[in-house]
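Subject: Structure for you to look at

Dear colleague,

I am passing on the structure that we spoke about, together with some notes on it. Please read the notes with the model open beside them.

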Amino acid sequence: MGLFNFLSSDIAIDLGTANTLIIYKDKIVIDEPSIIAIDRNLPSRVLAIGKEAMQMHEKTHENIKTIRPLKDGVIADFTAAEQMIRGMIKMINTG
């Protein structure tokens, strides 16, 4: 046990333009499309993340907006990226 082991983390996130990977304790636990679906009337309300949001993409009601927060390998929408990451981390227990 090293002096700085308390600084290490068991989670790694690879944000990709197409997919986001979350690695927890050296295992890939989340491999989902980098997309989020939100309510246009209440943008802080996340309706779906990843595969579920991909199924909604361009096939939804006008009050539902799908966002790809990464464009060309760069975060284009910080709020959507944060919401997506938070949602994917919550999936670890069920994923």
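This is a predicted model: local features need pLDDT of at least 70, side-chain atom pairs count only at pLDDT 80 or more; totals for chains, interfaces and linings use all residues.

Residues are numbered from 1 along each chain as its sequence is written, and side-chain values use heavy atoms, with hydrogens and water left out.

The sheet is an open one, formed by three strands in the order S5-S4-S6 with antiparallel pairing; strands here are DSSP runs of E with at least two residues, helices are runs of H or I with at least four, both numbered from the N terminus, and two strands pair if DSSP finds at least two bridges between them. Strand S5 (46-49) and strand S6 (64-67) are the edge strands, each pairing on one side only, and neighbouring strands of the sheet are turned by 20° against each other on average, direction ignored. For such angles, axes are lines fitted to C-alpha atoms, for helices over the stretch in contact, and the values run from 0 to 180 degrees between N-to-C directions.

Strand S4 (residues 36-39) is joined to S6 by four bridges, the two running antiparallel, and Ala-37 has Thr-66 in S6 as its bridge partner. Helix H2 (residues 78-91) lies across S4, S5 and S6 and runs at about 65° to S5.

Arg-68 is placed in the loop between S6 and strand S7 (70-71). Its relative accessible area of 27% makes Arg-68 partly exposed, a class that falls between buried (under 20%) and exposed (over 50%), computed with a 1.4 Å probe on protein chains only. The side chain of Arg-68 reaches the backbone oxygen of Thr-17 at 3.5 Å, and it reaches the backbone oxygen of Ser-34 at 3.5 Å.

Thr-20, in strand S2 (residues 19-24), is buried, with a relative accessible area of 1%. Its side chain makes a polar contact with that of Ser-34 at 2.6 Å, a polar contact being a pair of N or O atoms within 3.5 Å, where within protein one must be able to donate a hydrogen and the other to accept it, and residues adjacent in sequence count only if both atoms are side-chain atoms. Leaving aside neighbours within four places in sequence, Thr-20 is in contact (heavy atoms within 4.5 Å) with residues including Ile-13, Leu-15, Ile-30, Met-84 and Met-88.
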